[in-house]
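Take a look at the chain below.

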Amino acid sequence: MNDVPSSDNKLDFKNLPARVLIVDDSPPDAHIVKHSVTRLELNGVEIFCAETVTEALEILEGRAIDICISDYHLSPTETSLDLLRAARHHGIKIPFVSVTGRTDEDSLAHELLSAGFDDVLHKDDVLDANLYRIIRNAWLRNQHTQTLEDRAGTDELTGLDNRRSMMRRIDVEFTRSKRINIPFSILYMDLNRFKQLNDQYGHAAGDAALIYFAKILRSVTRESDGLARLGGDEFGVILAQASPEVAAEKAASLSALIATTPLDWEGTAITLSVSYGVYSFSGKEDAGEALQRADQAMYAQKNNRAVGD
């Protein structure tokens, strides 16, 4: 087996993938790939193994995997193509590499690359240097793509997701919730009297209030939750694995926190408040319907409190 690439040829990526999923229904073949990955001496590398599409999806959804290396033939009825399509359907966008031993490698490689694989490797070429090159190149392409997607899906003022990005996230949560029967809820939140704040203190203060509210949301939610500025003074929160009761309690605590944590604007303490609506997934809606129902619940609360925009 070839030597590990020398340090002179290695680029110092501190974020180079360290969590690798190997999918192969043949333990001896999986061991060869695992051994090659281990020899790459990636910083703190963790290797996970699966034999089927179902096992692989469970790991992909439960672990922060950086790259997946899958044998093409996983069973008489499953291939790495099935795994990639299932992963993309569940919103998993990490790099995927397929390993094949087929003699028609060129035509298969074209099919796999067209389907979305980052690279294709023949089993005879599972050597350290080739594997390092493929992992590195796949990682670089993924970072570039992710940067472009982040820019397109991010609210420039607050740095939160925008409405489009949140809708995609809701679709992913719907799919996962249906598949493994776990709850999730949506909060729709609106800053009260936002127009008056702009009129009294100016639009710079209004922007500061939006940024401040986003900061508070980040400080009290989990990494698994989704945060978005939906437009204007409206924000959305996806609470992963949250029942209606848990979501209602979280919304109430967020409302209380913002009301008791004033914004310091040029030496003036500006008290903020929010109206909110909570909607929990029932299994029958699509993303648009769920967000609309959370929005309706928020406006019902706003009207009940008789507060203005």
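In this predicted model, Gln 301 counts as buried because its relative accessibility is 16%, and the cut-off for buried is under 20%. Gln 301 is found in helix 10, which spans residues 287-305. Strand 11 covers residues 274-280.

Val 274 leads on to the next stop. Phe 213 touches Val 274, along with Met 189, Leu 191, Phe 235 and Ile 258, when residues up to four places away in sequence are not counted. Phe 213 is also one of the residues that touch the most other members of the largest nonpolar core. That core has 30 residues. Leu 187, Met 189, Leu 217, Leu 263 and Leu 272 stand beside Phe 213 in that group. Which elements give two or more residues to this core? The strands are strand 6 (184-191), strand 8 (234-240), strand 9 (263-265) and strand 11 (274-280). The helices are helix 7 (194-201), helix 8 (203-220) and helix 9 (244-259). Helix 8 gives the most, with nine residues. A second, separate core holds 26 residues, including Val 23, Ala 50, Leu 81 and Phe 117. In soluble globular proteins, nonpolar side chains tend to be buried together.

Now turn to the charged side chains. Side chains of opposite charge can pair when their charged atoms come close. The structure holds six salt bridges. One of them joins Asp 66 and Arg 19, with the closest N and O atoms 3.1 Å apart. This pair links distant parts of the chain, 47 residues apart. Arg 19 is in strand 1 (residues 19-23), and Asp 66 is in the loop between helix 2 (53-62) and strand 3 (67-71). Asp 66 counts as partly exposed, at 21% relative accessibility. Arg 19 also counts as partly exposed, at 28%.

Asp 29 forms a salt bridge with Lys 123, and here the closest N and O atoms are 3.0 Å apart. Asp 29 lies in helix 1 (residues 27-39) and Lys 123 in the loop between strand 5 (119-122) and helix 5 (128-152), so the pair ties together parts that are 94 residues apart in sequence. Asp 29 counts as partly exposed at 24% relative accessibility. Lys 123 counts as partly exposed at 31%.

Lys 123 has another partner. Its side chain meets that of Asp 71 in a salt bridge, at 3.4 Å from N to O. Asp 71 lies in strand 3 and Lys 123 in the loop between strand 5 and helix 5, so this pair ties together parts 52 residues apart in sequence. Is Asp 71 buried or exposed? Asp 71 counts as buried, because its relative accessibility is 7%.

Step back to the whole chain. It has 10 helices and 11 strands. Of its 309 residues, 46% are buried. Among contacts between residues at least 6 apart in sequence, 70% join residues at least 24 apart. The accessible surface comes to about 15,600 Å², and 48% of that surface belongs to carbon and sulfur atoms.

How values were computed:
Residues numbered from 1 in each chain as written. Predicted model: local features only at pLDDT ≥ 70, side-chain atom pairs only at ≥ 80, totals over all residues. Heavy atoms only, no water. Core = buried A, V, L, I, M, F, W, Y, C linked by side-chain atoms within 4.5 Å. Buried < 20%, exposed > 50% of the residue type's maximum accessible area, 1.4 Å probe, protein only. Helix = DSSP H or I, 4+ residues; strand = E, 2+ residues; numbered from the N terminus. Contact = heavy atoms within 4.5 Å. Salt bridge = Lys/Arg side-chain N within 4 Å of Asp/Glu carboxyl O. Areas by Shrake-Rupley, 256 points an atom, 1.4 Å probe, with all protein chains shown as cover.
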